[in-house]
Amino acid sequence: MKSIVAEGLVKSYRNGEIKALDGLNLEVEEGTVLGLLGPNGAGKTTTVRVLATLLTPDVGQATVAGIDVLKHPDEVRKVIGLSGQYAALDETLTGWDNLNMFGRLYHLNSAGAKKRATELLEKFSLTEAAKRPIRTYSGGMRRRLDLAASLIIKPKVLFLDEPTTGLDPRGRMEMWGVIDELVKGGVTLLLTTQYLEEADQLADSIAVIDTGKVIAEGTADELKSQVGGERLEITVEADQISVATALVAQVAGSQPSVDIGIRKISAPVSNGSASLIQILRLLDEAKIHPLDIGLKRPSLDDVFISLTGHVAEVVAEGGEDVTKRK
Amino acid sequence: MLQSVSDFLVITKRQLLQMIRIPEVMIFATIQPAMFVLLFRYVFGGAIDSGVEGGYVQLLMPGIFVQTVAFTLAATAVGLTADMQKGLIDRFRSLPIARSAVVIGRTVGDTTQNIVTLVVMGGVGYLVGWRPSSGIFKVLLAFVFLLAFGYSMSWIGVLIGLSVREERVAQNLVFMTVFPLTFLSNAFAPTAGMPRILQYFAEWNPVSTVVAGCRELFGVTNQFGATANSWPSQNPLAMSLIYMVLIVAIFAPLSVRKYIRVSSK
């Protein structure tokens with residue numbers, strides 16, 4: 001069953017001058033994780049806001065957990081959890097206060113809200129910080145608490161909008177661990193990210209979005225194979241470049257690309273490890289000892305560049321999530 | 001219905017909790033009006049001939065009370081803008097709660113904070129010679145009247161708070177509106193010295209009518225008003241109530257509508 005369906009979403013601002021969404025389609029299978037990947041301004045946040053009932057699209061329709069987002073927003077709100085780019089918490093209150101408040105707002109009774117707050121703090125390793133105001137929390141702790149707040153009612157569908165933006169590497173790893181746990185619990189998750197690595201790590205399938213449209217969809221592997229398979233890459237001493245290039249050409253069956261500056265030769269190969277063994281043997285016979293040699297699988301960065309023609313830029317936090325129409 | 005009431009009470013409770021969690025805010029919110037009492041009492045008190053028994057402080061206290069509750073607008077506006085900036089409003093909007101719960105909770109919370117402030121100010125006023133002569137019942141009624149005015153002002157704050165994106169802009173905007181309102185009035189000085197046109201403005205100004213109403217309830221002659229002989233200056237209590245009802249009737253629906261459509265970013 002499809003847990004999230006979006007059809008032809010359009011949202012523009014300033015009389016159509018700025019199109020945040022430009023006919024966006026999405027489908028997420030129940031119990032899976034979709035990574036919505038794109039640079040700042042691609043329309044990721046706008047998509048989440050529409051699906052989470054915060055924003056009405058100009059055109060298009062959407063269902064979440066089988067409920068029409070536009071016709072029955074109140075019903076949708078009962079089954080979703082949302083955790084945004086910025087930890088949306090009351091900074092002056094303690095972690096416990098916050099969870100207790102949100103529990104009450106999800107209409108748990110007094111005892112139920114308290115119990116759930118305690119459970120969630122435990123689950124997210126925040127019990128020790130429970131009685132401290134949020135403003136004393138680290139970035140990672142805030143995000144975990146924010147995530148906890150979105151899980152109070154055990155939502156069927158969870159939206160995480162750039163859950164690790166602005167976190168240090170350690171905070172990011174912690175957050176990934178937490179999200180992984182959640183997904184094992186069977187929730188349907190839509191996750192937006194500008195980190196290609198993050199989508200690769202967490203998502204079952206990925207939708208690449210740019211200028212308000214999905215421009216490619218598939219698993220990480222499928223997307224990677226769209227850019228081509230593996231590449232053989234070797235780095236040699238400067239005076240050995242021409243000989244080595246000829247050998248690589250012989251193995252790969254095509255003309256390699258050579259970067260003289262960093263003395264790197266690379267070419268696409270079809271039979272990865274066999275090519276690697278072959279080139280090593282040839283290089284050895286030619287008495288060339290490569291400084292570096294390896295097979296490189298295309299990263300999602302490569303995918304992004306080949307799809308959009310530009311690098312996935314990581315803009316400073318707080319950039320507007322809208323895109324000027326080209 | 002019962003559910004909506006419980007929703008807004010949760011939001012109100014949140015604000016009261018904030019007061020407990022950061023007492024500094026409450027302390028400063030109280031020191032400022034107390035300081036105003038002392039400054040006006042001793043700076044203007046000597047210069048202005050009040051013409052009432054008990055001196056200038058009898059006329060001053062209603063003025064300062066009203067100024068303070070009028071600034072509820074600022075507390076509400078700045079508080080909501082901050083919540084929007086932090087994305088908290090987005091989270092509230094994604095919850096299955098009544099659309100009006102957050103804004104009603106806010107206005108009630110801010111009004112509750114006013115109770116504390118008014119009590120402290122009344123205490124300071126008493127220390128420097130304020131003695132309402134009308135009896136306990138009318139004094140309490142005057143405080144209810146003040147809280148009601150603060151509550152209606154709070155609704156204007158909701159609309160401003162939800163329309164502005166920057167906390168500092170909200171702050172400047174409300175100060176620019178509320179300060180002239182409280183000074184172009186009979187709150188601190190006689191309106192008789194103002195140009196005729198401003199006298200009319202001052203007498204129709206809701207701040208003046210509420211101040212005049214309070215003076216009436218505290219049992220002191222309103223020496224600072226009623227020079228232009230306008231209807232509001234003759235019937236300050238009635239006019240004030242009309243203003244309050246009008247303000248809420250206009251701003252509450254607009255604010256709720258704004259809340260439903262607002263987006264933080």
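**View 1. The largest nonpolar core of this predicted model has 95 residues.** Some residues make the most contacts inside this core, among them Leu145(A), Phe65(B), Val66(B) and Ala70(B). Leu73(B), Leu146(B) and Cys214(B) belong to that group too. Helix H7 of chain B, residues 136-163, gives the most to the core: eleven residues. In soluble globular proteins, nonpolar side chains tend to be buried together.

**View 2. Phe65(B) and its contacts.** Which residues does Phe65(B) touch, leaving aside its neighbours within four places in sequence? Phe65(B) is in contact with Leu118(B), Met121(B), Leu146(B) and Cys214(B). A second, separate core has 50 residues. Val50(A), Ile67(A), Val187(A) and Val208(A) are included in that second core.

**View 3. Helix H3 of chain B, residues 56-70.** Is H3(B) mostly covered or uncovered? H3(B) is mostly covered, with 15 of its 15 residues buried. At 1.5 Å a residue, the 15 residues of H3(B) should span 21 Å. The end C-alpha atoms of H3(B) are 21 Å apart, so the two values agree.

**View 4. Strand E11 of chain A, residues 231-235.** Four of the five residues of E11(A) are buried, so the strand is largely enclosed by the rest of the structure. Five bridges join E11(A) to strand E13(A), residues 264-268, and the two run antiparallel. Here Ile234(A) stands opposite Ile265(A). Five bridges also join E11(A) to strand E14(A), residues 292-296. This pair runs antiparallel. Thr235(A) stands opposite Asp292(A) in E14(A).

Methods: Residues numbered from 1 in each chain as written. Chains lettered and ligands numbered in written order. Predicted model: local features only at pLDDT ≥ 70, side-chain atom pairs only at ≥ 80, totals over all residues. Core = buried A, V, L, I, M, F, W, Y, C linked by C-beta atoms within 7 Å. Buried ≥ 20, exposed ≤ 12 C-beta atoms within 10 Å, placed from the backbone. Contact = placed C-beta atoms within 7 Å. Pairing = 2+ DSSP bridges. Expected span 1.5 Å × (residues − 1).
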